[in-house]
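Me: Got a model I'd like to talk through. Can you take a look at it with me?
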Amino acid sequence: MDINLNDLLRRYRSHPFEDYFVETPHTGVVFFKVKEGQTVKGPSGEWLHRPGTLLYTIERERNVKRMTALWSGQISGIRLDIEGRFVEAGEPLFSIRHQLDKEEIIDRILTQVLYIFSAPQRARYFLTPEISARMEKRSKKGVSVEFGEDVLIMSLMKRDTVVSYEGVPGSLYKVYFNSGDMVEQGAPLLGICSPDKLQYVQKVIHRIRTEWEK
Amino acid sequence: MRIDQIHMADSGKLLSQLADRILYLIDIKGNSEYGNIGDLLGQVQRLRQSLFEIKESDLFEEIDRVEDRVSFLEDRVAEKLSPAEIVNIVRSPQRFTLMDILENVYDSYTELGGEGDCNIDPAIGVARASISRRVKNRLYSHQVMVIGHEKGRGEEYRNAGCARPWGNNKALKYMRVAETEGIPIHFYIFTPGSYPIEDYPGAAQQIARNLYVMTKLKVPMVSFISEGGSGGAEAIGASGLRLMGSRGYYSVISPEGAAAIEGKIREGEKLPRKLLEHCAAQLKITAEDNLKLGTIDRIIQEPPLGARRDDFPFFRRLRYEMLRATDEVVLKTKNFRAFRAYALKRQAEEGKDVPEDFDLFISWSLTDLEKERLLEFRFKKYIELGKGYFIENKNILTQGIRKTKLFASRTYYDLRYGLLRPHHRNVQKVIEEVSGEGSVFLRKVTEPVRAAYDFVFPQPERPSKVIRSGEPERKSIFAEEWDPYVSPLANEDCTVTCPNAAKHGCLDLWVPDLYGEFCGVCPNCGHHFPLEYQWYLENLFDKNSVREFNAHIASCNPLGFQGYSVRLKKDIKHTGRNSSIITFDAEVWGLRLVVAMLFSNFRGGTVGAAEGEKFIRACDIASTTRRPLLAYIHSTGGIRIHEGTLGVVQMPKCTFGVREYNDNGGLYIVVYDNNSYAGPVASFLGCSLYQFGIRSSRIGFAGPRVIRETTGQDVPPDYHSAKNALRRGHIQGIWDRREFKKNLYDALMTLGGPNLYYR
């Protein structure tokens, strides 16, 4: 957990982008359907069932595959020299520069700073009454949890099992589920922040939310 | 109150009524430009605002002038009402609703299954009501169950009369209550269509269940149609007598839906008004059109511009007609001669004013025998629907040969399975019993001897051979498939990508492999690529066992739908078939069965009058020959919109056929493949007790676009998947195409009615 938040912040401020490099999945003849600098959209819809912008087609064995964008962003470094030519698998085609918004940056910072307590198995989860009561009294960021403390109730097949916290002690910073929700195994349940970094993290996030433009 | 105040109050009321009349005209015309109605409305509103500022005589003079103008416009509009305008009349908020009928047609009523928004489904209204008639100054009261759609006065929770599956289930529940209590049911149809959601048990399943029960509901049923929107209307519409308001509409699809399909309008784009009007006219949705087509039995006259909420003379007529219609349904079962006399008298009264008194009282309760007759009449009525609206060879000789063949086969099978088989069974049973008893007696005598013998000469135990009775010996698949059918799709030298490649990492598939050896199935994830129907004809049934019948029955253009004849001819030429259904006898490992196959290449597998007739005849043949009936749905897009309500009535018609076949002890299995939607799934397919889906098939009521446009909500991509259909209990299993034959054989052997020849 030895992360320099200032460096992290500076890095995101100077370069608030994520570059996704698009490569050919297999051999074939490539035809681009986008131009340099064009803005493309990733999959949309509630279930991400609407495909994103058509990026290129790759033809192998008379099978023309339409490859669509998996991320939103701007096309850069397009390799027009290979347009209409046969290429090998893994050939870089262009990159999609995705501009990170404030929430995405906050999420990324939090995943690096927080200790994530994941769901041990697929079940419905509730916070224990003690934790809930403490959260009601104080703000949730002030609720501290210790190693071995009972924090969650896992409810499955009408049987409730108490789940103890097994991780670094700290303050409960983020609850990733709604009480009673069915959570998949391995999905994040709680985000814990070590006490020494708590105030600093709060300050950084507050600054990002209020000062950053986008 | 002073006289002038009374006059002012009257003028206020008059102006309010005038405003309503003008608004109604705007509703009908769909805009306020016709005859400057908008200006007229503005004038009325100005008068209402300055009611006390204008001199009374001037005010009444002005009102008279406006009223004259409104009356003139009303007459003009009523002179030539287009079908699209009739749709507007039906959908106007001033149109009468079920509640108005309950208030004005019936003497008293008690609402069942909820009130207002505290309701199982506010779009369906159910009430126990009493309706009375006066005969020679004596009042007679009848109890009835009233079931109908309640559109309300624009309340959102009423859903404009679109019943959800549980609303139709509520209707079904009270139909059964009426049957238990032996009281007639009056249905009132005010729906633009059923609410297209797949929540348990699914819109299509529920409509199919309703229809299936209604085929044999042992009470007189009469329905009145004001707005009959396709499947939603059929859910409570398969009655003994169908009446329709003269300004109502009954249609296979909403004119908007038809326009979107015909004009290939993209989602979200505005429909051109002209196209909408054109489609409304082409669909033949008016009461006169429906009467001509025979899809309704009688028209109830409304005022020229349609009945409204306060149209009391109309309610009086409706009450009279409902009483008369119920009498007719009841009388038919009692004594045909009395009914004929009654019908003739009724005909003479046609067009006359509603009489004050009835000349006789007819009891609506039925004896067991009369109930049987009631069902028989209902069956005959629906089986005849749509006849004459398909092309059939009318050559006397051919017809004679066909009839003789049918008679001969019926006699043969009746003799074989109806007379000889039970006798043979009885004899066999007696022999079995006698030999069983004999062996018990013999065993008693021989047991001590045998035990002593075994003790002296012990024999090593040998495993006994397992004999599975009834299952034929199966040959090697190689011996059977030396000359297999290979899909022409396999002739292309290219690869294709499995749609699940991103999810399951499936590799590209070489087409000759995919459509040849793999039978169109992805070897990695099991996704089923669509195959042509010929593949099933060749691979599902035993070699040379397919014998098609009724291939001569052909689809036509009964409504004269513009441009449809050309498209139909193209499909006939392209497929070499006359309709979208193939009916044939076939064998599966020696088991003979009758098959009805809907296929996609002909008008998207849609069902019209020809398809319905062929299906009914297949049911009849299966019933006669005591064979199982398989409906294999390669694909169906629903009811054919170009045949209008003639297509819609195939829903109850075919359901009647299925019910009759099932009740005769048959086994009806439905297998869905590719895409199966709408009317057929909501009737004669969905009512099957045993339904299965081929993997990767999609089954449902309405497609995603219709759901989005109706409910305003998007649906998940797997909403119509076979898995979801299985989850909600619509189908009983998902079959792999490669094991279709084996699964079908197993199903035929394990499921089914008692009267099948191999039982």
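Me: Which helix gives the most to the lining of the largest cavity?
Reply: Helix α13 of chain B, residues 336–349, with four residues. Helices here are DSSP runs of H or I, at least four residues, numbered from the N terminus. Bear in mind that this is a predicted model, where local features need pLDDT of at least 70, side-chain atom pairs count only at pLDDT 80 or more, and totals for chains, interfaces and linings use all residues. Residues are numbered from 1 along each chain as its sequence is written.

Me: Which residues line the largest cavity?
Reply: Arg324(B), Tyr342(B), Lys345(B), Arg346(B), Glu349(B) and Asp359(B). Lining residues have an atom within 4 Å of a cavity point, on a 1 Å grid over the protein atoms alone where a 1.4 Å probe fits but cannot get out.

Me: OK, switching to the interface. How many residues of chain A are in contact with chain B?
Reply: Nine, and they meet eleven residues of chain B, with contact meaning heavy atoms within 4.5 Å.

Me: Which residues in chain A lose the most area to chain B?
Reply: Trp47(A), Arg62(A) and Asn63(A), together 52% of what that side buries. Buried area is the accessible area (1.4 Å probe) lost on putting the two parts together, summed over both.

Me: How many salt bridges across it?
Reply: Four, counting a side-chain nitrogen of Lys or Arg within 4 Å of a carboxyl oxygen of Asp or Glu. One of them pairs Lys65(A) with Asp508(B), closest N and O atoms 3.0 Å apart.

How values were computed. Chains lettered and ligands numbered in written order. Heavy atoms only, no water. 1 Å grid on protein atoms, 1.4 Å probe; cavity = no way out; pocket = protein on both sides within 12 Å on 5 of 7 lines; lining within 4 Å. Helix = DSSP H or I, 4+ residues; strand = E, 2+ residues; numbered from the N terminus.
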